[in-house]
Amino acid sequence: MTVAAHQRVNILLVDDRVENLVALESILEAPDYRLVRAQNGQDALLAVLADDFAAIVLDVQMPGMSGIELAQLIRQRRKSQHVPILFLTAHGDQSAIDGYQAGAVDFLTKPVQPAVLRSKVAVFAELYRKSAALQ
């Protein structure tokens, strides 16, 4: 995991709705990020197996495998167990508690405030770079 100070880092975006992925990409598009898109839990798991990620932006409500279930699977793998997960949800109910128990570092409600999402992802990208530089 050697990452230069300004090298692009991978950010995984997971949502079953294409329009939400397009919105997330437009918010987070930056030269120092490589945005990877997944429309379901299986595609997200394959992405996590293939690459290292500085952060994962993950929708809670998805058909098939929920975001909570996906986070639990990501946390079971040693290589990805510490990747920060930012959950996106339209609901602030029990899913927040379940998400934190599954390893979420934060919850953002939809519609997402672009400046807040950019700021949070930037912090995790910088932490990722600094951790990589120390190794």
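In the predicted model, both faces of strand S3 (55-59) are covered. Ala55, Val57 and Asp59 point to one side of S3, Ile56 and Leu58 point to the other, and all are buried. Because five of the five residues of S3 are buried, the strand is largely enclosed by the rest of the structure.

S3 has parallel partners in S1 and S4. Its pairing with strand S1 (9-14) is in the parallel sense and comprises four bridges, with Leu12 standing opposite Ile56 in S3. The pairing of S3 with strand S4 (85-89) is likewise parallel, over four bridges. Here Val57 stands opposite Leu86 in S4, and Asp59 stands opposite Leu88 in S4.

S4 runs parallel to S5, to which it is joined by five bridges. Within this pairing, Leu86 stands opposite Asp106 in S5.

In helix H3 (67-76), the buried residues are Gly67, Ile68, Leu70, Ala71, Ile74 and Arg75. Viewed down the helix axis, the buried residues of H3 fall within an arc of 160°, and they therefore line one face of the helix.

The largest nonpolar core contains 24 residues, of which Leu12, Val14, Ile56, Leu58, Leu70 and Phe87 touch the most other members. Two or more residues of this core come from each of strand S1, strand S2 (33-38), helix H2 (41-50), strand S3, helix H3, strand S4 and strand S5 (104-109). H3 gives the largest share, four residues. Beyond its neighbours within four places in sequence, Ile56 is in contact with Leu12, Val14, Val48, Ile74, Val83, Pro84, Ile85 and Leu86. A second core of 20 residues is separate and includes Leu86, Leu88, Val121 and Phe124.

The loop between H3 and S4 holds Lys79 and also Ser80. Lys79 counts as partly exposed because its relative accessibility is 47%, whereas Ser80, at 3% relative accessibility, counts as buried. When residues up to four places away in sequence are not counted, Ser80 touches Val48, Ile74 and Arg75. The side chain of Lys79 makes a polar contact with the side chain of Asp52, at 3.5 Å. Between Lys79 and Leu21, 58 residues apart in sequence, the C-alpha to C-alpha separation is 25 Å.

Most residues other than glycine have a negative phi, and most peptide bonds are trans. The peptide bond joining Lys110 and Pro111 is cis, with omega about -5°. Pro111 is located in the loop between S5 and helix H5 (114-134).

Conventions
Residues are numbered from 1 along each chain as its sequence is written. This is a predicted model: local features need pLDDT of at least 70, side-chain atom pairs count only at pLDDT 80 or more; totals for chains, interfaces and linings use all residues. Side-chain values use heavy atoms; hydrogens and water are left out. A nonpolar core is a set of buried Ala, Val, Leu, Ile, Met, Phe, Trp, Tyr and Cys residues joined through side-chain atoms within 4.5 Å. Buried means under 20% relative accessible area, exposed over 50%, partly exposed in between (1.4 Å probe, protein chains only). Contact means heavy atoms within 4.5 Å. A polar contact is a pair of N or O atoms within 3.5 Å; within protein, one must be able to donate a hydrogen and the other to accept it, and residues adjacent in sequence count only if both atoms are side-chain atoms. The arc is that of the directions from the helix axis to the C-beta atoms. Two strands pair if DSSP finds at least two bridges between them.
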